[in-house]
Structures are given as structure tokens and as C-alpha cells.
Amino acid sequence: MRKKLINMVVAFAVVVLLISVSGAALAYFQFDESIGMRELVNVKICSYENEETSVITAGEAHKSGKYVKNIGQKDCYVRVKIIIPEINGKQVFEIGKGDSDNFKQISYEDKNITAKEYWEKRDDWIYYVNKSTGDKLKKRDITSDIYESICLNPLLSKDEILEFGRSANTSITIQAQCVEANTSADEAWEKFESESVSSKGEV
């Protein structure tokens, strides 16, 4: 049985232009996608059109939805890891749903979800759950949003934002892994974990 394993990293580079106006700092976000490619089992992290750039202030939400598309030839299971840069122990960005008036941060740990399709946190990873497909992401299909919006942490001070703008790490990184759905999800991920790093197709 031929098995294909994928491990890819997508870094959304954040270009921060800091302008002090009466103590308020503005940030300009530009996302740059870089992915690894495979033929049979492959996924791509996607953005919605017209959501690539914005100017926001601390505490203001910006629509920046991210989702996964299966661009391979096989059904697969998907999980992601989101790495958000920090400054002085604070996450620079919050991810969630809604706009500035009703922004709600996502934890991925809600045990009372009634939706048929969602993301669920288990240990360090966030797993795609689909009750209709047995958690499979069908070929050429897309997931529900990993998150819909991004918000500059309102607890950051002007000095912290300026310090962040000068730092080397200004990226939100989404690491995605997928494995062919030729068995149950639990069995597939168990086999995935047992594989050596060299066989995971890391890029």
C-alpha cells in the first residue's frame, strides 16, 4: 500500500510599519505564502481574496481568514499548528472570529461544539474534524476556517509594538501536516507519528 506523508510550513510574514500618532501605533500586515508541494497527498493553506493587507490599530480586528484546501489526488486527514510571535511573554496577535465590534478569540478547546465541521485542539496540534466525512478532507475540497480574523493584542504598549517591529520574528506561522485517509484517523496519525522525520517529507 503506497503511503504519502506531508509536512509543510506556511509562514505569513508580517511587515509592520509603526507610526506614532498621539500614542497610537499602526500596523500594516502583508502575508506571504510559501508551501511545499506533493502530488498525491497534498494540502495548501489558503487566504480569501482581498484580505491580504490592512492597516489596523491595537485591539482592532482585521479579516484574514485561513483555511486548508486538498489539492492532492487522495482524501486525507489534516492537522495544523499555529505559532504566534510574542513580546515580553504576550502574544502579539490574537486569532478568532468577527470584526472589531464582535471579535471573539478562538481557543479550539470548546467541548460543546454542535457544528458538523470544526477544528479541535489536541496536545500541540489542531485537528480538522468533519462529522459527515469521518474527519476526512475530500480531494479538491476545503476545510472550514482555521480562523477568520486577526487582532493586534490590545494589551500591548506602544513601546512593545515598536520593539516587535524591530525584531527578527514578525511572522504568524501555520505548520500543516496531512496523511492519506486510507484507514481511521487515529490509526493514520499513530502511523504518522511512528515514521522517522526523514520519511515525513518535511519541507
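Ile83 stands opposite Thr173 in β15. This is a predicted model, in which local features need pLDDT of at least 70 and side-chain atom pairs count only at pLDDT 80 or more, while totals for chains, interfaces and linings use all residues. Residues are numbered from 1 along each chain as its sequence is written, and side-chain values use heavy atoms, with hydrogens and water left out.

The pair belongs to the contact between β7 and strand β15 (residues 171-180), which run antiparallel and are joined by eight bridges. Strands (E, at least two residues) and helices (H or I, at least four) are DSSP runs numbered from the N terminus, and two strands count as paired if DSSP finds at least two bridges between them. Strands of a sheet pair through backbone hydrogen bonds, either parallel or antiparallel.

Strand β7 covers residues 76-83, and six of its eight residues are buried, so the strand is largely enclosed by the rest of the structure. Buried means under 20% relative accessible area, exposed means over 50%, and partly exposed lies in between (1.4 Å probe, protein chains only). Val80 has its place in β7 and is buried, at a relative accessible area of 0%. The C-alpha atom of Val80 is separated by 9.8 Å from that of Ile45, the two residues being 35 apart along the chain. β7 also pairs with strand β13 (residues 125-130), again antiparallel, through two bridges. Here Arg79 has Tyr127 in β13 as its bridge partner.

Arg79 also takes part in a side-chain contact. Arg79 and Glu193 form a salt bridge, with the closest N and O atoms 2.8 Å apart. Arg79 lies in strand β7 and Glu193 in helix α2 (residues 185-194), so the pair ties together parts that are 114 residues apart in sequence. A salt bridge is defined as a side-chain nitrogen of Lys or Arg within 4 Å of a carboxyl oxygen of Asp or Glu. Arg79 is buried, with a relative accessible area of 2%, whereas Glu193 is partly exposed at 46%.

A search of the whole structure finds five salt bridges. Side chains of opposite charge can pair when their charged atoms come close. Among the salt bridges is that of Lys138 with Asp75, where the closest N and O atoms are 3.4 Å apart. Lys138 lies in the loop between β13 and β14 (147-152), and Asp75 in the loop between β6 and β7, so this pair ties together parts that are 63 residues apart in sequence. Lys138 counts as partly exposed at 33% relative accessibility, and Asp75 is partly exposed with a relative accessible area of 22%.

Lys90 and Glu160 also meet in a salt bridge, at 3.1 Å from N to O. Lys90 lies in strand β9 (residues 90-91) and Glu160 in helix α1 (residues 158-166), so parts that are 70 residues apart in sequence are tied together by the pair. Lys90 counts as partly exposed at 28% relative accessibility, while Glu160 counts as buried at 9%.

An open sheet is formed by five strands in the order β4-β6-β14-β10-β11, with antiparallel pairing. Its edge strands are β4 (43-47) and β11 (104-105), each of which pairs on one side only. Within this sheet, five of the six residues of β14 are buried, so β14 is largely enclosed by the rest of the structure. Four bridges join β14 to β6 in the antiparallel sense, and Lys66 has Tyr147 in β14 as its bridge partner. Strand β10 (residues 93-97) pairs with β11 over two antiparallel bridges, and Gln105 in β11 is the bridge partner of Gly96.

Strand β6 (residues 61-70) also contains Lys69, which is partly exposed at a relative accessible area of 33%. A positive surface patch is formed by Lys69 together with Lys44, Lys74, Lys139 and Arg140. Patches are made of residues with over 30% relative accessible area and no salt bridge, like charges being joined within 9 Å and nonpolar side chains (Val, Leu, Ile, Met, Phe, Trp, Tyr) within 5 Å. Lys and Arg count as positive and Asp and Glu as negative, while His and the chain ends are not counted.

Methods: Accessible areas come from the Shrake-Rupley method with a 1.4 Å probe; for residues, only the protein chains shown count as cover. The place of a charge is taken as NZ of Lys, CZ of Arg, CG of Asp or CD of Glu.
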